[in-house]
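These are my notebook entries on one structure, written down in the order in which I looked things up.

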Amino acid sequence: MTTVVSPVATVRVATGILAGTRTLLYKEVLRFWKVSFQTVAAPVLTAVLYLLIFGHVLEGRVTVFGSVGYTSFLIPGLVMMSVLQNAFANSSSSLIQSKITGNLVFLLVSPLSHWAWFLAYVGASIVRGVAVGAGVLIVTIWFAPLHVANPLWILFFTVAGAALMGALGLIAGLWAEKFDQIAAFQNFIIMPMTFLSGVFYSVASLPPVWHTVSHLNPFFYMIDGFRRGFFGTSDVSPWTSLAVVGASLVVVCAVCLHLLKIGYKIRH
Amino acid sequence: MPAISFVNVAKTYASPRGEVRALDDVSFDIEEGEFFGLLGPNGAGKTTLISILAGLARATAGRVSVLGHDVAADYAAARRLIGVVPQELVFDPFFTVREALRIQGGYFGVHHNDAWIDELLANLGLADKGDSNMRQLSGGMKRRVLVAQALVHRPPVIVLDEPTAGVDVELRQTLWQFIARLNKEGHTVLLTTHYLEEAEALCGRIAMLKQGRVVALDRTSALLAGTASTMLRFKLDKPLPAALQKNARVTGRIVQITAHDAREVESILAVLHAANCDPEDLEIGRADLEDVFIEIMRGETPPRVAA
């Protein structure tokens, strides 16, 4: 705390590299919460539709990891997919909206450090990802038996995955100049990578070439590690997934922090 | 210590037509407690200079500081000391007025600030708008909220970038009364405006920018005293004789011509008479800041920079 003497009054203000982080986090959470019908309820409904359609078609025809029924297998995949897509959507859409409408100026004139921006935007992405993921889980858990083998894997991959996507969304939001570009990023990169990561199938069932290609997709490790927490079994070791997701997270966060520090496309 | 200090500030942009020099070696200080005007035509570099001061843009060369804190190296301290009212009418559509103000204060590390927020709302005629969503407000109301947002952390230095552009008379009055009061209480105010009568009425000292350079910097009274002090105004239905066009400012039927003394007034009238022109509503008055501004922007007077 520092005391700044203003001609009008003496004001006590919080200073330091993280000052203001809490407020920006609160604002970012409040922003999506005020439109939660669109930001939370809609993605939960989408996930439930996937479950109803694919579960109906494939339940009884496919078993995974030896004895896991298809609907049980699908539920954690849909939960994690919703976490990842919504974490990305939160930071990217908030930033691009502020850039295009011009209200980013309120943040730009503030003393918030690049660490404060980073922690608040990524933190809000985690909150939205977890809120949607929990919503999907609560609604879908009634459709098939599901038990928890190791909650720590679930917790780690949820938070690390959401943080990774929140930081990626922040990078996309800084880079993009139009809504189109965010939509392109979402539809041509994020969607294919999540759909091809084993949300709907076990990559072990794929032909060898596609099996290898899947292992190059970092999203595969997020989904696979997350499932490990439920079934106690997975396509690859959870430690491999932890290493890949952890390393990706460090790289994406480092790039994101650097771009925020130099004011990439926001300070001219 | 100056409230704001610009030292050899330059800004160049790369553009498709080559390098554009938006600011060229701008240096001046604004002392604590001053009400300072920054004037210049569109594209002169006023907003660029303010953007660098506020941290929205970075100088290519030079140094800018607020009460001794460099805006780049010590940005957090510098930004805590200034409140900026941006030129664009921007708002966050998700929040109410009070939420927007609490959030803006929080960015500056100022919490539990509702007493001051209430005072700001009352002084800016927003007392009954605290719970209104930003989207529901008229343009003028949104402009008032922008001012409140700039002041919510009680900055000692206030920067207003054309705050009255497109604003009704009532708001201009409310705003200037409030800003003048803050200035009297010790706040330093830096104002850019297109309304020269505002600058003349409010600013103790003025800098004029032209093509990125400071072309005038002096006390407002000295700028007014130093120019051609007499102005001949009249209405004319015919075209103005060619001999008079060079020094005249014509707005529809209204013609204004600078005259340095009585003999010059006589000769202007003689030219009009010889051309069979019959000026109506003839009056002779003192030059105002607009005349000084136009004269300097035309480059008729040498740069007028007080030491």
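Entry one, a strand pair. I looked up strand E11 (residues 230-235) of chain B and found that 5 bridges join it to E14(B), the two running antiparallel. Helices (H or I, at least four residues) and strands (E, at least two) are DSSP runs, numbered from the N terminus, and two strands pair if DSSP finds at least two bridges between them. Within this pair, Thr230(B) has Arg286(B) of E14(B) as its bridge partner.

Before going on, I noted that this is a predicted model, in which local features need pLDDT of at least 70 and side-chain atom pairs count only at pLDDT 80 or more, while totals for chains, interfaces and linings use all residues. Residues are numbered from 1 along each chain as its sequence is written, and chains are lettered from A and ligands numbered from 1 in the order in which they are written.

Entry two, the whole sheet. I then traced the open sheet of chain B, in which 4 strands follow the order E12-E13-E11-E14 with antiparallel pairing. Strand E12 (248-251) and strand E14 (280-286) of chain B are at the edges and have a single partner strand each, so one side of each lacks a neighbour in the sheet. On average, neighbouring strands of this sheet are turned by 20° against each other, direction ignored. Helix H10 (residues 262-274) of chain B lies across E11, strand E13 (254-259) and E14 of chain B, and runs at about 140° to E13(B); such angles run from 0 to 180 degrees between N-to-C directions, with axes fitted to C-alpha atoms, for helices over the stretch in contact.

The domain assignment of chain B gives domain 1 (4-221) and domain 2 (228-286), with bounds that come from an automatic or database domain assignment. The centres of these two domains of chain B, taken over C-alpha atoms, are separated by 39 Å.

I picked Asp24(B), which is found in strand E2 (residues 18-30) of chain B. Although Asp24(B) and Arg213(B) are 189 residues apart in sequence, they are 5.4 Å apart in space, C-alpha to C-alpha.

Just after H1(B), Gly55(B) takes a positive phi of about 90°.

I looked for nonpolar cores, meaning sets of buried Ala, Val, Leu, Ile, Met, Phe, Trp, Tyr and Cys residues joined through C-beta atoms within 7 Å. The largest has 153 residues, of which Ala148(B) and Val159(B) touch the most other members. Helix H3 (residues 70-101) of chain A gives the most to this core, with 15 residues. A second, separate core of 8 residues includes Phe234(B), Leu236(B), Ile257(B) and Leu272(B).

I recorded 10 helices and 4 strands in chain A. Of its 268 residues, 48% count as buried.

Definitions and conventions: A residue is buried if 20 or more other C-beta atoms lie within 10 Å of its own, exposed if 12 or fewer, and partly exposed in between; C-beta atoms are placed from the backbone. Two residues are in contact if their C-beta atoms, placed from the backbone, lie within 7 Å.
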